[in-house]
Amino acid sequence: MVMTFKHTHWWHSGRWYTRKIFIFRYHEWMKSAELRYFTGSEMLTLEEEFQMQQRWHQDQDKCTFIILEKTVFTTSGNEIEAMIGDTNLFFNESDQPNTAEVEIMIANVTYRRKKRGWEAMILMLLYGISVLNVTKYIAKIKFDNEKSIKMFEKLGFHKIERSQVFQEYTFEKIVNRDWIDWLYSDTNMDVITYEEYDKERERE
């Protein structure tokens, strides 16, 4: 599935995992100590990265989309050069199948503070609601990640827990009709299949 918004394209992980070249760019991103800290990730070798991403592709409790910068992609057609981050849903609670933990990463610093994360987050929230039947969202954010805290508060999330051990807050948002309408009011997106997208590219 391909989603397009004002500034970003959004690729479903199914396409990403079949294109190993994407993982090379992701591996370069995760050499950043800052990104590993804020995402709670460990430094992996390239081989370990391939193995992990393959497991993610097979897991039924995760959903990942890759964020592409629209201006770069429409100009160059190069998916790798256009990659700027990713966004994820984790279904960690077996007794709450409609609860998802949401995560966002804008890895390319050039596109931070330009609403790329905001756009991608709204798209992921709507995708989770409309396709995966999510009724409650959870977000876990480091104490010192002020930008993410402000963004999720602006999205209507409320702080429900503080973990001194993990140095993070847990935020929650219960899905309701008014909130869904508000999310849609801030979007202007098109959704097409990979096949439709490839045909469009061939006609250009």
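Residues are described here as buried when their relative accessible area is under 20%, as exposed when it is over 50%, and as partly exposed in between, with a 1.4 Å probe and protein chains only. The structure is a predicted model, in which local features need pLDDT of at least 70 and side-chain atom pairs count only at pLDDT 80 or more, whereas totals for chains, interfaces and linings use all residues. Residues are numbered from 1 along each chain as its sequence is written, and side-chain values use heavy atoms, with hydrogens and water left out.

A search of the whole structure identified seven salt bridges, a salt bridge being a side-chain nitrogen of Lys or Arg within 4 Å of a carboxyl oxygen of Asp or Glu. Among them is the pair formed by Arg-25 and Glu-81, with an N to O distance of 3.4 Å. Because Arg-25 belongs to helix α2 (residues 21-29) and Glu-81 to helix α6 (residues 79-82), this contact ties together parts that are 56 residues apart in sequence; helices are DSSP runs (H or I, at least four residues), numbered from the N terminus. Arg-25 is partly exposed at a relative accessible area of 22%, and Glu-81 is likewise partly exposed, at 47%.

A further salt bridge joins Lys-31 to Glu-28, at 2.9 Å from N to O. Lys-31 has a relative accessible area of 45% and is partly exposed, as is Glu-28 at 44%.

In the salt bridge between Arg-177 and Asp-181, the closest N and O atoms are 3.0 Å apart. Both residues lie in helix α9 (residues 177-185), where four residues, about one turn of the helix, separate Arg-177 from Asp-181. Asp-181 is partly exposed, with a relative accessibility of 40%.

How values were computed. Helices (H or I, at least four residues) and strands (E, at least two) are DSSP runs, numbered from the N terminus.
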